[in-house]
Amino acid sequence: MESLKINDNINLYYVPMKKLKTTSIGVYIHRALSADEASKNAVLPYVMKRGCKLCPDSSAVAKYLENLYGASLGTGILKRGDDHIIYFGFETISDKYAPDKEPLTADGIKLMMSVLFEPDAFDDETVMQEKKNASDRITAEMNDKRQYAQLRCSEEMCKGESFALSRLGTKEGVEAITADELRKHYEKIITSSAMDIYVCGDADINALGEEIKKYTSKLNFEEANIVKTSIFEGHGDVKRITDNMDVVQGKLSMGFRTGVAADSADYVPLMVTNSIFGGGAHSKLFNNVREKLSLCYYASSSTVRNKGIMFVNAGIEFQNFEKAYDEILVQLDNVKKGDISDLEFESSVNALINELESYNDDQNAIQFFYLSEKIAGTNYNIDELKDKISRVTIEDVKRVASNIELDTVYFLTGKEG
C-alpha cells in the first residue's frame, strides 16, 4: 500500500489490485460519535450525493455515472468504536479496460471531490426527502430483530458512553433537522475532520493526489480532532434486561468484557478465541448449542475490536432461554479450560486466514481492512496478520479467554400474557 499526504487532515492511500477489472474509491470522514451530531451525520452524506457543482441534481449525477460505463456512487454511515464515519464509495471499470482509454478513475475522483467540497443540495425539499429516508432506515434496523437485539444489548451495556448511540441517530433527532442547520453542520465538519481516501485497483496515486489538491487547496482547513475510543471496562454486576414485543422467536444477546484493547498484542489471540467460540460453522456455539443440542436457530459470537467487547447472539424458543444461556456459558468455560480439539483449533485458524485471503479479491473488503487497522493503530498488512494468526497457540487462547467476563444479558421475548 502506498500513501500520500494531501494536507494535515486528508490522507490518500493506494492499494494496487491490478488483477481485477475494476477500480474503487472510498472516502471516510471521521467524527467523534455524539448525541449532538449522530442524526445530522446520518442524513448529511445522502443529501450531499443529491447534487454538486459538477452535477447539479440526481439526474445529472446518474447521467455522469452512466457515461463512465455504469460506474456507481454510494454513501453510508459507519461506526467503529466511538468513531462515527461518513462514507462515500465509487466504483468503475479500470482505465485500461475503457473502450477509448478514458480516464475513468480521474473522472470518478472529480465527481467525488465535487460532492465532498462543492455540494449544492441543501434545499428544503431534498433535505425533507432524505430525512424520511433516514427515518425509514432506523425503522428497518428496528424491524430486523436479530440486529435490534444486539443494538439494545450494546445500548444497555455501554449506557452513558458514546458507543451506546446508534450510527443512524434517532428518529427525533432526524425529524428536528432543518436544511439550514444541515448546511451549517456540513460547513463545520468538512474542514475540521480527519479524512481517509482509499483507491483500490490500477491507478496513479500521484496524479489522483494532484486532482484532489485542486479542490482542497481552495479551502482553509482547521486542525482535526483524532477520534479515540476508550476500551469498555464494565460496571461490576451483570446487567439483565428483558423487552417484550410481538415476536415469534426469542432473541438473546450477551455482551462480554474482554479486557483486550484494539492495539494490544492479545487482539490476535482474541480473534482465534472468538473463532473457536462462535465465529462460524466450525465453532463450539454452532456445533454444540445449535446442532447437537438444538437449543437455538442460530448462535454466533463477534468482537467489537475498538471497545474490547464480545457479543453472543442467538435466536431461541422463549422457553429455551435458561438452557441456551447456560450452555453458551458452558462452551465459553470450555474454551477457558483449553478443552479445544485439534479440529476445532485448526478450523478456526484456517477460517480466519481464508477470510483474509479473500480480501485480495474484494476491493471494498480490503478498504475496510486497512481502515480498521489504521483506526486500531496497528497498521498490519494482510500477510503480517495471517502470520500472527498462524502463530497463536491454545495456551494463548486459554490466557485471553480467562479474562472474558459476562457483563450484560439482553433478551427480546414475546408479549406478556
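1. Terms and basis. Buried means under 20% relative accessible area, exposed means over 50%, and partly exposed lies in between (1.4 Å probe, protein chains only). Helices (H or I, at least four residues) and strands (E, at least two) are DSSP runs, numbered from the N terminus. This is a predicted model: local features need pLDDT of at least 70, side-chain atom pairs count only at pLDDT 80 or more, and totals for chains, interfaces and linings use all residues. Residues are numbered from 1 along each chain as its sequence is written, and side-chain values use heavy atoms, with hydrogens and water left out.

2. Helix H13, geometry. H13 covers residues 363-376. The expected span of a helix is 1.5 Å times one less than its number of residues. For the 14 residues of H13 that gives 20 Å, and the end C-alpha atoms are 20 Å apart, so the two agree. Just after H13, glycine 377 has a positive phi of about 90 degrees.

3. Helix H13, burial. The buried residues are Gln363, Ala365, Ile366, Gln367, Phe369, Tyr370, Leu371, Glu373 and Ala376. Their cover includes strands S2 (10-16), S3 (22-32), S5 (83-93) and S6 (194-201). Helices H12 (342-358) and H14 (382-390) are also among the covering elements.

4. Glutamate 373. This residue of H13 has a relative accessible area of 2%, so it is buried. Its side chain makes a polar contact of 2.5 Å with the side chain of threonine 378. A polar contact is a pair of N or O atoms within 3.5 Å; within protein, one must be able to donate a hydrogen and the other to accept it, and residues adjacent in sequence count only if both atoms are side-chain atoms. Contact in general means heavy atoms within 4.5 Å. Leaving aside neighbours within four places in sequence, glutamate 373 is in contact with Arg305, Thr378, Asn379, Tyr380 and Leu385.

5. The largest pocket. Its volume is about 1,400 Å³. On a 1 Å grid over the protein atoms alone, a pocket is an open set of points where a 1.4 Å probe fits, with protein on both sides within 12 Å along at least five of seven lines; lining residues have an atom within 4 Å of a point. Grid points are joined across faces, edges and corners, and a volume is the space filled by probe spheres set on the points. The lining has 39 residues, with Arg80, Ser302, Thr303, Val304 and Arg305 nearest the centre. H13 gives the most to this lining, with five residues. Elements that each supply at least two include strand S4 (72-80), helix H5 (145-157), strand S9 (298-304) and strand S10 (309-316).

6. Serine 301. It lies in S9. At 7% relative accessibility, serine 301 counts as buried. Its side chain forms a polar contact of 2.7 Å with that of asparagine 274. Beyond four places in sequence, its contacts include Phe277, Leu285, Met310 and Phe311.

7. Nonpolar cores. A nonpolar core is a set of buried Ala, Val, Leu, Ile, Met, Phe, Trp, Tyr and Cys residues joined through side-chain atoms within 4.5 Å. The largest has 60 residues, and Leu252, Met254, Val272 and Ile389 have the most contacts inside it. Helix H9 (residues 267-278) gives the most to this core, with seven residues. A second, separate core of 53 residues includes Val43, Leu44, Ala179 and Tyr215.

8. Leucine 44. It sits in helix H1 (residues 38-48). Leucine 44 is buried, at 1% relative accessible area. Leucine 44 and isoleucine 86 are 42 residues apart in sequence, yet 8.3 Å apart in space, C-alpha to C-alpha. Not counting residues up to four places away, leucine 44 touches Ile86, Phe122, Leu182, His185, Tyr186 and Ile189.

9. Backbone points to check. Which residues other than glycine have a positive phi? Tyrosine 69 is one, with phi near 60 degrees. It is in the loop between helix H2 (58-67) and S4, and counts as partly exposed at 37% relative accessibility. Serine 294 is another, at about 55 degrees. Serine 294 is in the loop between helix H10 (284-292) and S9, and is exposed, with a relative accessible area of 52%.
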